Structures are given as structure tokens and as C-alpha cells.
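The sequence and the structure are shown first.

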Amino acid sequence: MKRIAASAALAASMMIALPQAWANEPKPEDVAEFRQGIYKVIGWHFGPLGAMAKGDIPFDQQVAIKNSEIVATMSRIAPDSFLRGSNVDKSSALPEIWSKPDQFQSAMERFQKEAATLAEVAKTGDFNAVRAQVGETGKACKSCHDDFRKKRR
């Protein structure tokens with residue numbers, strides 16, 4: 001729990017500091033750490049949405065709204081964290097991100113679209129619509145992971 005909170009704090013602080021740091025050529029390790037923080041925040045907030053969609057926890061519209069808005073916001077920040085050369089040892093980013101930029105951009109745009117739609121659908125309070133959109137957003141995540149992220153062991 002402390003690790004997730006620290007990652008969220010790191011991502012938030014870097015969102016403020018990184019644009020200035022980028023003017024000074026950030027270290028690839030810092031960019032990768034920033035990117036990992038973004039995805040930890042996304043995972044932390046998407047997890048309860050998935051659990052609600054599966055029926056593992058009760059549907060809570062306010063939690064769905066808050067979490068989906070955070071996922072949508074972070075989806076818009078994520079592309080900024082893929083600077084060329086930032087696929088360092090600790091990174092799960094595949095070189096295809098940079099060798100196939102049009103495909104990667106398309107995958108990121110799909111994720112952003114699905115996440116934004118999820119945030120809008122959550123506001124309706126329609127559980128079945130939220131559940132369906134959680135599925136679509138998850139498919140967008142998986143698609144990008146399948147093509148642009150190292151397989152986990």
C-alpha cells in the first residue's frame with residue numbers, strides 16, 4: 001500500500017516537474033520511472049473498476065466516477081512518458097514503441113478513447129454500461145500490452 005501511494009506521489013510530482021526537466025534532457029531511467037508510476041496509478045484505479053465489473057465488489061457509482069476519471073487523465077499523460085531511449089533495463093517497454101510509432105500512437109489513442117468513454121459512462125450510473133465499458137477499456141490495455149510490452153514471467 002505504501003509503495004502504491006509512493007508511486008502515485010512520484011507520478012504526480014513528476015507531472016509537475018518533468019516538463020521543466022525535459023527541457024534539460026532527462027535521464028532515461030527517470031523517464032522510465034515516471035512511466036512506471038503512471039501505469040501503477042492507472043492499475044491502482046482500474047483494479048476496483050474491474051472488480052465491480054466482475055461482481056467481486058459492489059458497484060459504487062462515486063468510486064467508478066472518481067477512478068475512471070483518474071484512468072482517463074493518466075491515459076492522456078502516458079504518451080509523454082515514452083521518450084526515445086527510455087527503454088532501460090528495468091523498463092517493460094519494447095523497442096516496437098519507437099520502431100512502429102504509428103501503430104503505437106494508434107494503440108494509445110484507442111486506450112485514451114476507451115478510458116474517456118468509461119469516465120463518461122460512469123457518470124450515468126448504469127452498471128451494465130459501466131461493466132461493458134470496463135471490458136472495452138481493458139481490451140485496449142491488453143492490446144497495447146500484447147504488442148508493446150515485454151511479457152511478464
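In this predicted model, helix H3 and helix H5 (residues 101-124) pack at an angle of about 160°, and their axes are 8 Å apart. Because angles over 145 degrees count as roughly antiparallel, H3 is roughly antiparallel to H5. The crossing of H3 over H5 is left-handed, a term for a near helix turned anticlockwise from the far one by less than a right angle. On the H3 side, the residues in contact (heavy atoms within 4.5 Å) include Ala-64, Ile-65, Ser-68, Val-71 and Ala-72. On the H5 side, they include Phe-111, Ala-115, Leu-118, Ala-119 and Ala-122.

Helix H5 also packs against helix H6 (residues 127-148), at an angle of about 165° and with the axes 9 Å apart. That angle makes H5 roughly antiparallel to H6, and H5 passes H6 in a left-handed crossing. Among the contributors from H5 are Phe-104, Ala-107, Phe-111, Leu-118 and Val-121. H6 contributes residues including Val-130, Val-134, Ala-140, Cys-141, Cys-144 and Phe-148.

The two packed pairs are set out below; axes are lines fitted to C-alpha atoms over the stretch in contact, and angles run from 0 to 180 degrees between N-to-C directions.

| Helix pair | Angle | Axis separation |
|---|---|---|
| H3 and H5 | about 160° | 8 Å |
| H5 and H6 | about 165° | 9 Å |

**Residues of H3**

Ser-68 belongs to helix H3, which spans residues 61-77. Its relative accessibility is 0%, so Ser-68 counts as buried; buried means under 20% relative accessible area, exposed over 50%, and partly exposed in between, with a 1.4 Å probe and protein chains only. A polar atom of the Ser-68 side chain lies 2.7 Å from the backbone oxygen of Ala-64. Leaving out residues up to four places away in sequence, Ser-68 touches Leu-49, Ala-115, Leu-118, Ala-119 and Ala-122.

Asn-67 also lies in helix H3. With 4% relative accessibility, Asn-67 counts as buried. Its side chain has a polar atom 3.1 Å from the backbone oxygen of His-45. His-45 is also among the residues that Asn-67 contacts beyond four places in sequence, together with Pro-48 and Leu-49.

**A residue of H6**

Ala-132 is placed in helix H6. At 47% relative accessibility, Ala-132 counts as partly exposed. The C-alpha atom of Ala-132 is separated by 7.9 Å from that of Ala-53, although the two residues are 79 residues apart along the chain.

**The chain as a whole**

The chain has six helices and zero strands, where helices are DSSP runs (H or I) of at least four residues and strands are runs (E) of at least two, numbered from the N terminus. Of the 153 residues in the chain, 37% are buried. Among contacts with a separation of 6 or more, 73% join residues 24 or more positions apart. The chain exposes about 9000 Å², of which carbon and sulfur atoms supply 55%; this area comes from the Shrake-Rupley method with a 1.4 Å probe.

**Basis of the values**

Residues are numbered from 1 along each chain as its sequence is written, and side-chain values use heavy atoms, with hydrogens and water left out. As the model is predicted, local features need pLDDT of at least 70 and side-chain atom pairs count only at pLDDT 80 or more, whereas totals for chains, interfaces and linings use all residues.

Terms used. A polar contact is a pair of N or O atoms within 3.5 Å; within protein, one must be able to donate a hydrogen and the other to accept it, and residues adjacent in sequence count only if both atoms are side-chain atoms. Angles under 35 degrees count as roughly parallel, over 145 as roughly antiparallel, 65 to 115 as roughly perpendicular and the rest as oblique.
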